[in-house]
Structures are given as structure tokens and as C-alpha cells.
4 protein chains.
Amino acid sequence: MKKEIPITPKIKIGIVGGTGYTGAELLRILVRHPHSTLAVITSRAEAGLPVAQLFPHLRGQIDLQFTAPDDNALSDCDVVFFATPNGTAMQSAPQLLDRGVRVIDLAADFRLKDPAVWAQWYGMPHACPDVLAEAVYGLPELNRAAIRQARLIANPGCYPTAVTLGFLPLLEAQVIDPNWLIADAKSGASGAGRKAETGLLLAEIGESFKAYAVTGHRHAPEIAQTLGQLGSGAVGLTFVPHLLPMIRGIEATLYARLTDDNCDLEQLFAKRYATETFVDFMPNGQPDTRSVRGSNMCRVAVARQGTSSVVIVQSVIDNLVKGAAGQAVQNMNLMFDWDETLGLDALALLP
Amino acid sequence: MKKEIPITPKIKIGIVGGTGYTGAELLRILVRHPHSTLAVITSRAEAGLPVAQLFPHLRGQIDLQFTAPDDNALSDCDVVFFATPNGTAMQSAPQLLDRGVRVIDLAADFRLKDPAVWAQWYGMPHACPDVLAEAVYGLPELNRAAIRQARLIANPGCYPTAVTLGFLPLLEAQVIDPNWLIADAKSGASGAGRKAETGLLLAEIGESFKAYAVTGHRHAPEIAQTLGQLGSGAVGLTFVPHLLPMIRGIEATLYARLTDDNCDLEQLFAKRYATETFVDFMPNGQPDTRSVRGSNMCRVAVARQGTSSVVIVQSVIDNLVKGAAGQAVQNMNLMFDWDETLGLDALALLP
Amino acid sequence: MKKEIPITPKIKIGIVGGTGYTGAELLRILVRHPHSTLAVITSRAEAGLPVAQLFPHLRGQIDLQFTAPDDNALSDCDVVFFATPNGTAMQSAPQLLDRGVRVIDLAADFRLKDPAVWAQWYGMPHACPDVLAEAVYGLPELNRAAIRQARLIANPGCYPTAVTLGFLPLLEAQVIDPNWLIADAKSGASGAGRKAETGLLLAEIGESFKAYAVTGHRHAPEIAQTLGQLGSGAVGLTFVPHLLPMIRGIEATLYARLTDDNCDLEQLFAKRYATETFVDFMPNGQPDTRSVRGSNMCRVAVARQGTSSVVIVQSVIDNLVKGAAGQAVQNMNLMFDWDETLGLDALALLP
Amino acid sequence: MKKEIPITPKIKIGIVGGTGYTGAELLRILVRHPHSTLAVITSRAEAGLPVAQLFPHLRGQIDLQFTAPDDNALSDCDVVFFATPNGTAMQSAPQLLDRGVRVIDLAADFRLKDPAVWAQWYGMPHACPDVLAEAVYGLPELNRAAIRQARLIANPGCYPTAVTLGFLPLLEAQVIDPNWLIADAKSGASGAGRKAETGLLLAEIGESFKAYAVTGHRHAPEIAQTLGQLGSGAVGLTFVPHLLPMIRGIEATLYARLTDDNCDLEQLFAKRYATETFVDFMPNGQPDTRSVRGSNMCRVAVARQGTSSVVIVQSVIDNLVKGAAGQAVQNMNLMFDWDETLGLDALALLP
């Protein structure tokens, strides 16, 4: 069951877990969204605190206070975004869906179709496998039609968004060996969340760089699941993330082995993304993360080195926007049958 | 003479010197301004280059190419912004004004009322002292009425904007000794412009900090000129700028000696800025530059240390927005009798 | 009572609280100190962990593990450094001193001569006022003779080191009004310590800048106490710290009112610091923090703006070296009657 | 012909091109080298300028001025380092060698054995192919014996150092497919040199990240040449560099296909580097660049993801030290038959 889309264009929006970075980004975007009424913003830790006190850039824009999570208040919303730690949304989603609320989870709870894989990588059993089955993976460039019909969106992870959009055209066209995919991805520190951890201090990670989760990262099965559905069959993926000494941005350099030496790569990418508002294919490009900073754009480029059969793709996004909150709003726009770009027209901040 | 404000809400805008950072910011803002048609964007060095090639974040948003400066094309505009080095606008402004074009100079050419002071600090004689006399200093919080009537706006410097808005309430209320003003200001590197100089390389100024122009900076006479008009008489100002290892943002910490020990400083600032959309007074605040990053907001706070008679003001802006391009558009909105906030509603990017 | 300085030049060193940044810096310096044998490095939280596992840059250099604090082991040392939170050293110092161990506290426990002032600013009563009375403030450029004789050193705070060395020549020569001292100081984030706090995350403070503790900072009474002893009498000091988006470095811009207009400031500073190895006076300088990064040097410069009577001093240090661990080792060298520069000859890392 | 190694341990050192970052690093290291007398430091642009004026961190350490390049003065040295742009050293090396001077070139002039490959990648013919033939590639971990005997050292590139040390054990042991090597390398901006270029401004590359030279970088043939000599035959290498928003550090993540599934990778690396002072193999490690910042250490780790046959190596260096000046001094130590670690014992600066 889904609530009727109100005749008035304003819908009531709830955000669970509004004190983290994806929560802050949702607020920044939704405050300027023409159809948005922010009704509920929850936080266990900060209940009672005015939102604008935690986020001074929102002073004068939001009158709300954070509230403790409240099922009634959330059920009263038309859509609820979960900007919470993994394992949270799945506790509440079934009840909200039953009340006709649409749900968009920015965490991983509904991304992995196989509950066993979820349990293996996230260390807990899935709380609602039935509901898991109906969740739609919220990558519009791939699942637009299904997103329109969905009640429940699994918003993709940040790294998966960048990596998937990079490999997509190649796997769909079946021009690469799906067994040898390498994704070397680098992210700014906001991707790790607003957590009081020594390993995220400026004094620890500023002016430094490193790989992490080298033996395996949770985003790998998510990426592999999606890429495996693209027409080239199951994939063999090596995914290695790295931590950049900056706040926002993901760049993924992707390597694959071209099986069709005559493939016009530029043409392939240009064509696949010609009508995608939020994927900008840059011919002969070397996209930098700053060119998409604060915007919902993903910018991609593709290259070969001479006659080498290795294809190199570069994919950049803002991890908090196209990698999280922006994509969530893009999905909301689709679910409510609005212009997909509503609230998402901010240009990148450059320099 | 001024051109009639067109009945159609779209005006034709020219930008001279569109390849620097203030030029890039003007483009970013004007692309989203409801009444803006970008007609001409000039650059001697990059004539012929598509704007979006230099500024990838504007791909798909601007079809224009940079063109060599052309008086006819510029005269065809309703307003021309000069985002050029000091000494450029004054060469062209008179002719443009004669043709009925409104002019907004983001450089210093028209800021100093006394041509002798201009010559002393900028090392060149003033090209049009007559025109200089009619220029209005484009700080809306101070000169709103005059800006509405103006043909020619001297857009304030970045440091002067932050420092002036900080001292303003105190000098207007005459509660401080005007002879002992200290402004310790710190700016991100974009304030120095997009210039190929060793001293601006990341490898030179990253992870480092220093004062510069300690024996005197050109913005000092500009600040002193404005502060001297506020009711407390001529001022004695010590202004010392510093270079921050980041891209955007100015924070100015201001020190003055309180002459009225009973002054309710919080009340004074709150009242003075109560109706100013773009100045946010933060009670008991410690504003950070990120809270205004990418937005046209100036955020201020005021404090004393116990019973000390020293007043401490903190003033933060984004040097490229409220310190340059945003303020220029704010002035344009006033000149054309539009809502002052048009095109300037972007919230800061935080984190 | 003090232990005899061993005939063999190797002394046994203990470090309490070795897991923070000042602890890490002590290790880095002492590992290369010719007379140092690191005997004990304590940490409650990390007891049992090999030091080189927490500090990979020390792999192969230190075989020790962190141990829980142990009075016997510490008493067996010739000198013990406390790199602990405020309030820790004063619990243990008396016992260690009784056992003949020399103590150098890098925290604030012994800096403020008046226990009432300590209690007011640090929120706890002083645990050993008797011992407090004999502590020597460890600023060699001021207290060299007393440091040589001392059993107990209060290592100065980072900001106080930079500010004091900046004002020193002026107050000693009595050429400024001691009632109007302004210190606008800026520090990299390592100065706040290796603490899991949201406010120190790269995603919170990167690419941003702000003042903090504007209504009063604990280092102010410490600075005022020292400056008040220099010959100009008690001082009126306004001290405002700021947080820089970088790891290391402090720059303090100091403002004072010159009472002797004929004072040759360059000469005054050059002379005062001519024989000080670790204070480099830079004629007409604009010192940057990177020029002292990783070194024990303090670099200062002085200026006036035209005929203004405001004196402007710039003072830069590395907050972890001359502002903490380097100065502590400098003090140790003096206490043990060694060349003051032992272990401290590392040049700054530039770029 | 080579000059006799002086009986006195002090040799005369010349540095050509002393104003860049590798020149600055050579100075910083050599000032503390027990056998070094800095005799000549040349710079065309800055002739006459005191070295310490350009490099304030060397104030009080170096009395020399930069001088215009002078063959006689250079010929009077025992060893000359070229820290110059590509194509410079090869103009002067033959004459210096004839005069018995040892030459260490930090640029690429003597790295590529085939003059045709040099010409193809560096856009100029080789000036002295005869001399090229005797040059020894200065990677001590590979060519120690030859370096000891050499008159002329081709100091390896920064990226090649990190990448080669990472692949070395695998190719020597012939446990990977040499045709499928991928090197995703990331460097701080100092690697691009101290050049007044817009693309290196903090305001351009701060808080951003991107790949560059994606279609082919000059370091690729250098790496391939070295890797091709290790026992596994000619290699197929895909090398993609990226620009990090920081000053120093290179991290290279290397991918290869394991052909021997039973290979004990940890053991292989541990054994190969057990006796190498400047390569630290970190079991199960995730090395960060800061752990080698300012030091001559290369730190490596190796991993697999489950049963995947992809081997992942992480290799970190400081691009200016082990990637340039430190390695050059390491080579000099070998050439003069000294302890290889002289002058190179500085620990990394952490945090």
C-alpha cells in the first residue's frame, strides 16, 4: 500500500538520524526542494536540540528540533529517509510501509538481495527478509522504472555509485572480461561519517593517504551484485578503497580488459549517458572531484594507453550528494513522479 | 543616463575577465539567476575557448565561449561586471556608462574616493576621477539606498567586507575608541586569485600559515575610509592579513576598546542586523568559515573577556561570495529593483 | 634530592602518557638523543601494545611496549616526562621527586604559581602546592639558570611559548604599554591532542577556520603570569586562539602600543635573541609555520605600519616541538648539564 | 676515471638546480651529513641570492649563495647532484665525468637505456648515448653492487621507486603473470615541482583529487624497463598516476594475478626485504604515507581478498626523500663506500 500522492505538491518528509553528514546533506537539499515540508528530524542523542544549532549553516532555514524517534510522527510522513547506521532502517521499515509511508534507506540494510550475504558482511541477521525482497536498488540510471513504482528504496552506497556508473556501459555492451574488474577507489573523510573516532581526526589523516579494508570491503558484494546483472554475467571484482585527506569527493579508477579491440569506447559511453542528466561523460576527460563538489553529478571518462587492451575508466562523484543524499532525493522525485532534477540543480562549488 | 529596466525580466549581462575565480563565481551564481541572460564573457588570454572547457562544473550550463573584450558587445549589455585586475575597469567604465550600461567593478578601481590615495596604494593614476566621484561603494548593509540609484558600483574588497560588517555596529553606536582598531584577518588562497605564482602553490602554502603585507595592505585605506564615515570620526586602524591553507573563507577577529562599559553588545549587534538577510548575528557565537562556504552570508559574533574593556568581534564570509561575486549580484539586484536575494539563496556546503 | 648525573652518558627516561601527540614527539626526538635510554612508556589504555604498533614510523626503532603506570618502574628512571592530561602529573610528581627522579611535566599542572588561579582555570584543586612552589617554568630563553638547577619543570604551553617569546623583548625593554597586549594566535589541530572528539574530525575542521575560547582560554593566565615578570609590571592581555585546518604549527600575531617612538625594534629583537639557538629573529620577516615544521625553532619578526605606534610581532613555532616535546628535551638537556641542542638539531621539513 | 675518495671524510658536493623541491631536500639532508661539504649550489634564475633567503628553514645552516652554473666550480667537486629539469644533466655529465667527478642525476636523463625510448617520451634526442650506457639505475635494493662501482647514477623517478619496490619480490619469484600489472599511484603535489603553474595552485588542487596522464605517463617505460629485468621477462604494465591534495607522499596500490596459488606472500616479502634498511615490510599492513613523511623509508604490505588470485600490494614513500633526494644520498653513500644510512636516519614526522 502506498499513500496517495497529495494533490497539493507539498509532502511531509521525515528524516531518521538527522545528525550525521548524510542527514545534514538531506536537510540542505530538501530545504530548497519545492515540494518538501520537513516534518520530523530524529536523533536519539540530540533530541530537543534545535537543528540549526548543530548545523549553523541552516540557521534561519529550519525551525525544527531533533526529536527522539517516534513511530507515530514518522508514520504521519509521506516519505521517510533513514540516514542511520546500518541495521537501523530494517527495524522500522516494515511498520512504516504498512502505514503507507514510502521509505528510502541511505544505509545498506536493503541493498543486498541475499540475506545471507548481508549477514556475512554486516555481522547481523536481516530483520525483515520479506521486505528486503521488494526493495529496489536506487540507482536511477539503471533502475528508473522500478524506482518509480517502489515503496522502498535501498539507496546505493557511495563507492558503489561511482564504480557501478563507471563499469556500466562496458558490461552492458559486453566488451570487457567480467572476471577481471579492478576498482581502485578514493574517498574524502566525510564518507566515514560524523563519528568521534581517532582514525578520522584531522591530525591523523590530514596530509596523508592510505588504502584500507584491503582484504575486503562491504561495498564489494553490493557492487558485484549490481554489475552481475548487467548482461556480462557474474563478475570477478577487486575493490580497494582509500582515504583522502579532504572532506568530500570520490574518484574511482577502474581497470578492465577489453575483449572487443574495435570498440569505440568514447562513443559507447557518450551514447549510454546521453540522456542522463546526472551522469556527464567527458570525452578525453580527466575529471576531478571538485568539478562535482556539492552537486548531484557523476562525471566519467574512459581511456586506453596506446594499443593496450586495458580499459581505464575514471568516475567522480561527491560522496554525500550523488553518493548519498542527492541520489536519495533523485529517487524520491521519481517515486513521487516529479521532475527528477527537483532540488538538485545546484552547481558544483569551484574553486 | 541609464537604460530602462526591461519589461521582460531578463537582462543581458556581460562579464569582463571571466577566467578568474570571481569570474567563475559570477557565472555559477548568474547561471541560476532568474533574470540573467549571460551575453558576453571576455578574456584576452582565452578568447575562443568554450567557458565550460575551463570550468568543467559548468558543462551543460553555458554555451558561450570567452571572447576578446569588445566595446560594442559590452555596450549592448544592461550591466557589465568587471572581474578584472585592478586598473582595468576604470579604462572602460566611462564609455559604458555613457551608453547607458550599468557597471559593477569587483576590483578596487572605484573604491577609494580620493584619487591620490588610489594612486599611492595601487601605483597608477586614476583614469577617470570624474566617474570615480559618482561611484557608490557596494556594501548594501550600509549603502542600500545609494546602490539602488547607482549606475556604477565599486564592489567592496573581500577583507573590507568582513572587517567593516564587524566594526559597523560599534562605530555607528560610538561605543568604542575609533583610534584603536585592530583587524587580524585570515583568508583562504582563492582570495589571491587564479595566478600562476610560486607563492600560491599547494606545495608552498599547504599545511602552513603566515601573515603577509604586515607593513601595510591595500585594503587598509578602503576599510578606514568606510569606517571613518560611520559616526565615530576618522579611525586608527591596524589591519594585518594572513594566508590560510585552504581555498575559501575569511575570518576576521577584530579588537577594539569599549568606551561604554554598560553597552549591551549582544543587543547592539542583534538589533543592527535584525533585518539584514545576509548578515547573521550569532549570539554567544564562534562562527566558522565553513558555515558560510559557498553562500552569501556574513556571520558575526561579539564577546568580551570577563570585565576587560576589549571588545572582540568575529566575522566570517566566503571571500568569493559575500566577499566578491555574491555581493556583486546582491548589488545588481538592488540596482534593478529586484528582490535582493535573487540567485543568492544557496545554503553553505557543510561539511 | 636529585640523583647523581650518571657518569655514563646514558640516562633512563620514562614517559607517562605515551600515546598522545606530545608523547609521540618525545619518542621521535629521544630515539635520536645520544644520552637517552627509553626505559618506560606508560599508557593505561594501551598497556601491552608495542609502541611501534601504535606509531608505525617508529617500527624498528623502539622495542618497548606501553605499560600501565608503575611507580617503581618510573622511580627507577633518571627523568620522567609527563605527556598526560592536566591534573595527572601533580598526583605523582611528589613521590618521584622524593625518589630523586627529575620530572618534566608537559601539561599545565605546575605552570601557574598561584594554586587558586590553577583551580579557577583547570577546575580542580592543586594536589601538591608545596611542590608547585619549587617548579621552574621551562622557558629556557627566560629561565635558563633556574632550569639548570631544577628538579621539576613546568613545560610551557604551546601558545604561551609563541606569545611569550614574541612579547619578551618589548616588555623587558619597557617600550610598550603593558596594559594593551593583544595576542591573536592560530594553531594546527594536533594542539588539541589525539582525542576522539567530533570537533577535531577532518570532516569538521578541514577547509575551515574559526576562533574559539573567545571569552577566555586557560593559556591566558599562564602568559600573563610570565609577561608580568619581565619588568613592565602586570599586563593586560587579550588572548584569542583559533583553529587552523592543518596538523602542526602555531602563528601568533601580537599587537602592542609602542611608548618609545624612537625604539629600534629590529635592533631590540636582534640583540635579545642573538645568542639564542632556538629563537631566530628574521629581519623584516614574514615567517611561515612551515619554516619551523618538525624543528625546535621559534622564528619571530617585528614591524610597524608607517608611523603608527602599534607594534606588530609575528611568532611561529611547531606546537609539538618548541611548543611541547622539543622544549621539554631542551629543558632536560639543561637539567643534565648537556649541550642544550642535543637531539634537537633536526631541520624543518620544507616543503 | 674517478677521483680518489679523499682520506679526510669530507667531500665537496655540488648541486645543480638548487631552487626546486628536490634541491631543497638535498640541502636539508646534506647539511646533516657527516661527510658533506656543500661547495656549490647553482641556479640560473636566483644567482646571487643567499640560499637561506629562499629556504628560511635553512637560515643559520648554510652560508652559500646560489651561483650561476660554472663548469670549473662543479668540476672541483667530488660529486655533483643534478636536481634539474629533464634534459639538463645530460648536457654536462660527460665533461664532469671526464674530470673525475661523480654524477648523480635526479632527473630522467640517464634512466632509460634506449635513447630512442628517451626521445619518444621526453621529446628530445639524447645528448650523450655513450655515457648513457654506463649509467647505473640508482635503486640500491636492486643494484647495490653496480651503484658502488658507478661514476654516474640515474636516480630513479618517484613513482618508479614506489612501484618497483612493490612488484619486485613477486616478479623475482616469478609468482605473478608479468603481462597483467596494474599500478594505481597517487602523489602529493610537490612531486610536480616548484613551478609557477595554475594547475598546481592550492586553490586549484586543494580539497580535490583526480587522475592525470591517463593515456600514458613518462614513468611507465622506466618502470617497465626495470621490472622487465627481474626474471619474469618483459612486462605488460598499466600505470595511472593521480594528484593528491597534499604536499608529500606517494602511495601506489599494485594489482597482479597470482600464478602460484600456494605462494606465501607475507613470507616472500618479509624475506626479500629482511636486510633492507630502507624497505620496511609491514605484515598484514595498511601503510599510510605519513608514516614515512620526511624519511627515506619505503613501507610495503601485501594482501589477497579471500581466495581471489589477485595480489594487492601497497607501497608508500615520501616522494622527495626515498623518491628523490634521500635515495640520491643513499646512492652517494654507496658510491663513496660509506655506511648506506649516513644522513638518512631522520624518523618520519608523525603526526
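**Close-up views of a predicted model**

**View 1. Polar contacts link chain D and chain A.** Across this interface, the rule finds 30 residue pairs in polar contact, with both residues at pLDDT 80 or more. A polar contact is a pair of N or O atoms within 3.5 Å; within protein, one must be able to donate a hydrogen and the other to accept it, and residues adjacent in sequence count only if both atoms are side-chain atoms. The largest share of the side of chain D that touches chain A, five residues, comes from β9(D). Strands such as this are DSSP runs (E, at least two residues), helices are runs of H or I (at least four), and both are numbered from the N terminus.

A word on reading these views: this is a predicted model, in which local features need pLDDT of at least 70, side-chain atom pairs count only at pLDDT 80 or more, and totals for chains, interfaces and linings use all residues. Residues are numbered from 1 along each chain as its sequence is written, chains are lettered from A and ligands numbered from 1 in the order in which they are written, and side-chain values use heavy atoms, leaving out hydrogens and water.

**View 2. A salt bridge joins D:Arg290 and A:Glu204.** Their side chains meet at 2.9 Å, N to O. The rule finds four salt bridges across the interface of chain D and chain A, each a side-chain nitrogen of Lys or Arg within 4 Å of a carboxyl oxygen of Asp or Glu.

**View 3. D:Glu207 sits in the loop between α9 and β8 of chain D.** Its phi is near 50°, a positive value in a residue other than glycine. Most residues other than glycine have a negative phi. D:Glu207 counts as buried, at 13% relative accessibility (buried means under 20% relative accessible area, exposed over 50%, partly exposed in between, with a 1.4 Å probe and protein chains only).

**View 4. A:Cys158 lies in helix α8 of chain A, residues 158-172.** UniProt, in an unreviewed entry, places the feature "active site" here; its positions are given in the numbering used here, feature names are shortened, and annotations may be inferred rather than shown by experiment. A:Cys158 is buried, at 12% relative accessible area. Beyond its neighbours within four places in sequence, A:Cys158 is in contact (heavy atoms within 4.5 Å) with A:His219, A:Ile250, A:Ile317, A:Asn319 and A:Gly323.

**View 5. A cis peptide bond joins A:Leu350 and A:Pro351.** Omega is about 5° here, and A:Pro351 is found in the segment after α12 (321-335) of chain A.
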